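The report below is meant for a reader who meets it for the first time.

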Amino acid sequence: MRIVYADPGLCGHGGHHFNACRQFLSELRDRRIDTAVLAFHDLDADVRQSTGATPLFRYSPYWVTDQDPLCGPAFAFLEGAKTLHEDFARNADVRTDDIIYLPWASAAQLLGVTRWLDGLPQDGRPKVCANFLHVPDVTYEEQAGESILGLPDYRIEPSAMFLRLTAKYISGAVRARLRLGYCTSEGATILSAILGLEVEQLPSPQQAHRPLRKRTNEQPLTIGFIGHQRGLAKGVPFIPHIIAEVLRSHPNVHFVVHSGGSDLLPDVRQTMAAMAAHDRRIIFREGSASEAEWYELLDMTDLIVCPYHRFEYRLSTSGVHNEAIANGIPSVVPSDTTLSRSSELYPGSAVTFGPGEPNSIVQAVRTAIGHFDEMALAAYRAAERWSQINGSAKLVDAILRPAATSHPHASDRLRVAHRLRKG
């Protein structure tokens, strides 16, 4: 048996792709499980050397439109599926007992890999485990034993449509070789309803990078905004204001701001560079972080602030927040999101902010500072609980064991709301 880790998003050190891959490979090697890695065709040489990855995929999961105003998302979806299908076909080294693992699957990836499976001899098809990256922007509720989906206008947010369309092309024979997963039970339920296929909850890959430590009595307290700062979705414009206001009331705290991508809003970059240049309490870093640099960022951060947009993260998970929980770091997160619902599983480890950003975020940070030692103890306990159900070891266990006996597909009880919700 061999596990093939297939990630078109693995191209460099930036983001969660490299860290998740490295931890996954480490677990497989410890178990002496035969492994192969397939990555983006334009692969960083250092990542290729450290993972042994084969550059293969011409499609990036972040290419979601070619900017055509009439059909850009549809074209990107179809081209993504087509090129992924072709790329898998070009990789002739496939074994029947392989498990192909897609760690951050999308509709295009699912369509591409299942079309490839369909073209293989029935006795030559490997198993595929596709773990989804996002949940489409839908509403979902149970009423009298019936599942009701409220869909966004597909002209604005088409991902649910692409998933349902993909499912219609998956043959019964291919379904028998396919497992689908997501990292939260709520997301798995919604994806099951959209696809009409069983989606199971799988462990999150994030785990403690070093032995856990209690962050009590930290002086000075370091507050961090770390990871890929993706513009409005992550509340990036709020960061300078939050820092300035918190320093007015708590002049002894320190801040670290890390932007792991190359797309930080120019005005925020300029403001943060100026603030860091004139205030030793502020560290500002740009660029993808190596493994050692990411560990350093986590080690130096005592409180992680996620000033994210509530609507954008209503169903989407946050790798940075998962890292906070896994490493015993208290956090500040938006209410009515997957982040706040995740924090509810670990009472006391996070403070939530409501509407009224950025001032509501400032107040939440001040609250966290005032109760920090209590939060630090709660976060330490949360990390211990997290490690019992998440991390690379638990994820590998889940992939290797047979799929759980499924309950009836949510689609069997599904009714789509007649009125499309304007997204």
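This is a predicted model: local features need pLDDT of at least 70, side-chain atom pairs count only at pLDDT 80 or more; totals for chains, interfaces and linings use all residues.

**Helix pairs**

| Helix pair | Angle between axes | Axis distance | Crossing |
|---|---|---|---|
| α4 and α5 | roughly 15° | within 9 Å | left-handed |
| α8 and α13 | about 45° | 9 Å | right-handed |
| α3 and α5 | about 40° | 11 Å | right-handed |

Helix α5, which covers residues 159–168, has an axis that crosses that of helix α4, residues 107–118, at roughly 15°. Because of that angle, α4 counts as roughly parallel to α5. In this contact, Ala107, Leu110 and Leu111 of α4 meet Phe162, Leu163 and Thr166 of α5, and the residues involved divide into five nonpolar and one polar, with no charged residue among them.

Helix α5 also packs against helix α3, which spans residues 72–90, with the two axes 11 Å apart. Here the residues Pro73, Ala74 and Phe77 of α3 meet Phe162, Leu165 and Thr166 of α5, and this contact is again made up of five nonpolar residues and one polar residue, with none charged.

From α8, the residues His241, Ile242, Glu245, Val246 and Ser249 meet Asn359, Ile361, Val362, Val365, Arg366 and Ile369 of α13. The residues of this contact divide into six nonpolar, three polar and two charged.

**The second largest pocket**

Rolling a probe the size of a water molecule over the atoms shows where empty space is left. The second largest pocket has a volume of about 500 Å³, and of the 23 residues that line this pocket, those closest to its centre are Cys183, Thr184, Gln201, Ser342 and Leu345. Two or more lining residues come from each of the helices α7 (185–195), α11 (319–326), α12 (338–344) and α14 (372–389).

What is the make-up of the lining of the second largest pocket in nonpolar, polar and charged residues? The lining divides into eight nonpolar, 12 polar and three charged residues.

How values were computed:
Residues are numbered from 1 along each chain as its sequence is written. Side-chain values use heavy atoms; hydrogens and water are left out. Axes are lines fitted to C-alpha atoms, for helices over the stretch in contact, and angles run from 0 to 180 degrees between N-to-C directions. Helices (H or I, at least four residues) and strands (E, at least two) are DSSP runs, numbered from the N terminus. Angles under 35 degrees count as roughly parallel, over 145 as roughly antiparallel, 65 to 115 as roughly perpendicular and the rest as oblique. A crossing is left-handed if the near helix is turned anticlockwise from the far one by less than a right angle, and right-handed if clockwise. Contact means heavy atoms within 4.5 Å. Ala, Val, Leu, Ile, Met, Phe, Trp, Tyr, Cys and Pro count as nonpolar, Asp, Glu, Lys and Arg as charged, and the others, Gly among them, as polar. On a 1 Å grid over the protein atoms alone, a cavity is a set of points where a 1.4 Å probe fits but cannot get out, and a pocket is an open set with protein on both sides within 12 Å along at least five of seven lines; lining residues have an atom within 4 Å of a point. Grid points are joined across faces, edges and corners, and a volume is the space filled by probe spheres set on the points.
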